[in-house]
Amino acid sequence: MTSYFDEHDCEPTNPEEQYRQNALLELARSLMQGLDIDSGWMDASDWDQRLPPPASKTVVQNLPLHRITPQQADKGLKCPVCLLEFEEEETVREMPCKHLFHSSCILPWLGKTNSCPLCRFELPTDNPDYEEFKKDKQPKRDIGLLLATDAQLPSRT
Ligand SMILES: [Zn+2]
Ligand SMILES: [Zn+2]
């Protein structure tokens, strides 16, 4: 999978810049502001061309809560969606990719699509078609990684 920065041939200068240039975060922001991203948004039949389905409800309900530590607050850790700094002791949602979001920012997003708007880490969905598609697609998408790993591993006997 090529990242935004590969395609655009530039390095992110700082995290804030990176947040602002992220199209998914833009969408997540619109959603948080009550805009419906469904209207006119990608109607192609191919999953490659549209947003994956919503994250599984059970997974979303079980996303761990994380309490912001004084260290994190000191570092000025921000919610990538609304770009507000987290307050010390504030309780936020932690994605499996370890990214932290306000519940009010990430929950509407996960009700639309299953990926972390920051790094595109995908949560499981309740959509059997999409899960099948992911299974089919996985080997192709990770082929570079697999080749690299295979080269370093002693052959299994
Ligand atoms: Zn937020
Ligand atoms: Zn993430």
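Q: Are Cys-79 and Cys-105 buried or exposed?
A: Both Cys-79 and Cys-105 are buried. Buried means under 20% relative accessible area, exposed means over 50%, and partly exposed lies in between, with a 1.4 Å probe and only protein chains counted.

Q: What kind of model is this, and how are things numbered?
A: This is a predicted model, in which local features need pLDDT of at least 70 and side-chain atom pairs count only at pLDDT 80 or more, while totals for chains, interfaces and linings use all residues. Residues are numbered from 1 along each chain as its sequence is written, chains are lettered from A and ligands numbered from 1 in the order in which they are written, and side-chain values use heavy atoms, with hydrogens and water left out.

Q: Which residues hold the zinc ion (ligand 2) as protein donors?
A: The donors are Cys-97 (SG), His-99 (ND1), Cys-116 (SG) and Cys-119 (SG), lying 1.9 to 2.3 Å from the ion. The site of the zinc ion (ligand 2) is tetrahedral, with angles of 104 to 115 degrees, and its donors follow the spacing C-x1-H-x16-C-x2-C along the chain. Cys-97, in the loop between strand 2 (91–94) and strand 3 (100–101), and Cys-119, in the loop between helix 6 (103–110) and helix 7 (128–141), are 22 residues apart and link distant parts of the chain.

Q: How accessible is Cys-119?
A: Cys-119 counts as partly exposed at 32% relative accessibility, whereas Cys-97 is buried at 19%.

Q: Which residues of helix 6 are buried?
A: Cys-105, Ile-106, Trp-109 and Leu-110 are buried. Seen down the axis of helix 6, these buried residues fall within an arc of 110 degrees, so they line one face of the helix. The arc is that of the directions from the helix axis to the C-beta atoms. Their cover includes helix 3 (23–32), helix 4 (57–61), strand 2 and strand 3.

Q: Where does Ser-115 lie?
A: Ser-115 is in the loop between helix 6 and helix 7, and it is buried, with a relative accessible area of 5%. Leaving out residues up to four places away in sequence, Ser-115 touches several residues, among them Leu-24, Met-95 and Trp-109; contact means heavy atoms within 4.5 Å. Ser-115 and Leu-51 are 64 residues apart in sequence and 8.8 Å apart in space, C-alpha to C-alpha.

Q: What about the backbone: what is the phi of Lys-98?
A: Phi of Lys-98 is near 75 degrees, a positive value in a residue other than glycine. Most residues other than glycine have a negative phi. Lys-98 sits in the loop between strand 2 and strand 3 and is exposed at 58% relative accessibility. Arg-120 also has a positive phi, of about 65 degrees, and is partly exposed at 44% relative accessibility.

Q: New topic: how many aromatic pairs does a search of the whole structure find?
A: The search finds one. Tyr-130 and Phe-133 form a tilted pair, 5.6 Å centre to centre with 35 degrees between the planes. Rings of Phe, Tyr and Trp (its six-membered ring) pair if their centres lie within 6.5 Å; planes under 30 degrees apart count as stacked, over 60 as edge-to-face and the rest as tilted. Both residues lie in helix 7, three residues apart, about one turn of the helix.

Q: Finally, how many helices and strands does the chain have?
A: The chain has eight helices and three strands, and of its 157 residues 34% count as buried.

Definitions and conventions. Helices (H or I, at least four residues) and strands (E, at least two) are DSSP runs, numbered from the N terminus. Donors are N, O and S atoms within 2.8 Å of the metal (3.2 Å for Na, K and Ca); water is not among the atoms, so sites may look incomplete. Four donors count as tetrahedral if all angles lie between 85 and 135 degrees; four count as square planar and six as octahedral if opposite donors are over 155 degrees apart and all others between 65 and 115; anything else is irregular.
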